[in-house]
Amino acid sequence: MAEVVIVGDSGAAGTLVAEAIVSLIEERPDAVLGLATGSTPLPVYEALAARSQGLDLSRVRGFALDEYVGLPAGHPESYRSVITREVVEPLGLVPERIQVPNGAAETIQHAGADYEAAIQAAGGVDLQILGIGTDGHIGFNEPGSSFASLTRVKTLTEQTRRDNARFFDSIDDVPMHCITQGLGTILRARHLVLLAFGAGKAAAIAAALEGPLSANLPGSAVQLHPRATVVLDEAAASELQHADYYRYAYANKPAWQGI
Ligand code: PGA
């Protein structure tokens with residue numbers, strides 16, 4: 001079972017996760033971070049940027065979870081652009097050390113295998129940041145994704161395209177396809193940190209953490225991981241059956257353990 005931490009708001013979640021990342025980097029200056037896009041991880045990046053004075057981030061490496069297929073190079077909503085704007089630049093990471101799956105149509109046939117090879121060559125991901133979609137996806141692993149899946153092309157659900165239309169002029173501009181780390185890829189990371197905020201995520205979170213393991217709810221894959229931390233605000237935790245137990249367990253956790 002994942003450790004579930006329920007905090008007051010997304011800012012507190014960002015601070016908590018940023019502290020864990022700082023500890024990791026202090027211990028391992030060339031740590032490999034698994035980077036997520038979307039609104040959810042932003043408080044983590046903001047807290048990390050605020051906390052990064054005196055911290056040497058020059059050797060940190062990173063792998064993004066996913067990318068749209070077929071957006072023109074430099075498109076502002078490509079995840080390469082988003083990661084550059086929201087993570088690499090504010091944190092002062094070295095751009096060459098941060099990789100994003102290659103969504104260019106010309107090389108898409110082998111882009112998944114290339115990405116898997118790059119992650120392996122880096123020694124794997126130390127800490128993977130995750131959000132969850134309202135349909136239960138993690139990365140862009142939509143319902144039906146195999147728990148053994150590796151980085152590959154997927155078709156986005158209509159719901160995900162609607163959810164992401166806010167970043168584009170219209171839903172018609174949201175790409176149909178993406179390339180995403182698989183659930184099997186994500187499960188190889190040494191520590192998973194899944195964040196969710198707001199009532200809109202409550203059903204997906206309850207199903208992922210307390211429902212059956214099912215490819216139908218890809219976020220349930222976190223139940224298979226030996227070290228998964230789930231950080232929620234009250235609204236996202238509101239449908240959890242065992243919320244009181246999670247609060248009790250966290251309140252009684254030895255301080256030295258961190259998350
Ligand atoms: P969000 O997206 O953080 O923008 O809500 C999460 C996701 O789709 O994985």
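Student: Taking helices (H or I, at least four residues) and strands (E, at least two) as DSSP runs numbered from the N terminus, where is Ala-105 found?

Tutor: Ala-105 sits in the loop between strand S5 (98-99) and helix H4 (108-121). This is a predicted model, in which local features need pLDDT of at least 70, side-chain atom pairs count only at pLDDT 80 or more, and totals for chains, interfaces and linings use all residues. Residues are numbered from 1 along each chain as its sequence is written, and side-chain values use heavy atoms, with hydrogens and water left out.

Student: How accessible is Ala-105?

Tutor: Ala-105 counts as partly exposed because its relative accessibility is 46%. Buried means under 20% relative accessible area, exposed means over 50%, and partly exposed lies in between (1.4 Å probe, protein chains only).

Student: And how far is Ala-105 from Gly-70 in space?

Tutor: The C-alpha atoms of Ala-105 and Gly-70 are 5.4 Å apart, although 35 residues separate the two in sequence.

Student: Let us turn to the whole chain. How many helices and strands are there?

Tutor: The chain has eight helices and ten strands. Its C-alpha trace spans about 55 × 40 × 35 Å along the principal axes. Of its 259 residues, 54% are buried.

Student: What about contacts between residues 24 or more positions apart?

Tutor: Such pairs account for 78% of the contacts with a separation of 6 or more, a contact being heavy atoms within 4.5 Å.

Student: Moving to Thr-40: where does Thr-40 lie, and is Thr-40 buried or exposed?

Tutor: Thr-40 belongs to the loop between strand S2 (32-35) and helix H2 (42-51). With a relative accessible area of 11%, Thr-40 is buried.

Student: What is Thr-40 in contact with?

Tutor: Neighbours within four places in sequence aside, Thr-40 is in contact with Leu-195, Ala-196, Phe-197 and Lys-201. Gly-14, 26 residues from Thr-40 in sequence, is 9.4 Å from Thr-40, C-alpha to C-alpha.

Student: Which residues of H2 are buried?

Tutor: They are Pro-43, Val-44, Tyr-45, Ala-47 and Leu-48. These residues pack against H1, S2, helix H3 (79-91), strand S6 (127-130) and strand S9 (191-196).

Student: Which members of the largest nonpolar core touch the most other members?

Tutor: Ile-21, Leu-195, Ile-205, Leu-232 and Leu-240 do, in a core of 82 residues. Helix H1 (residues 10-27) gives the most to this core, with eight residues. A nonpolar core is a set of buried Ala, Val, Leu, Ile, Met, Phe, Trp, Tyr and Cys residues joined through side-chain atoms within 4.5 Å.

Student: What does Leu-232 touch?

Tutor: Not counting residues up to four places away in sequence, Leu-232 touches Val-4, Val-5, Ile-6, Val-7, Ala-196, Ile-205, Ala-237 and Leu-240.

Student: Ile-205 is in H7, then. What covers the buried residues of H7?

Tutor: The cover includes strand S1 (3-7), S9 and strand S10 (228-233). In helix H7 (residues 202-210), the buried residues are Ala-202, Ala-204, Ile-205, Ala-206, Ala-208 and Leu-209.
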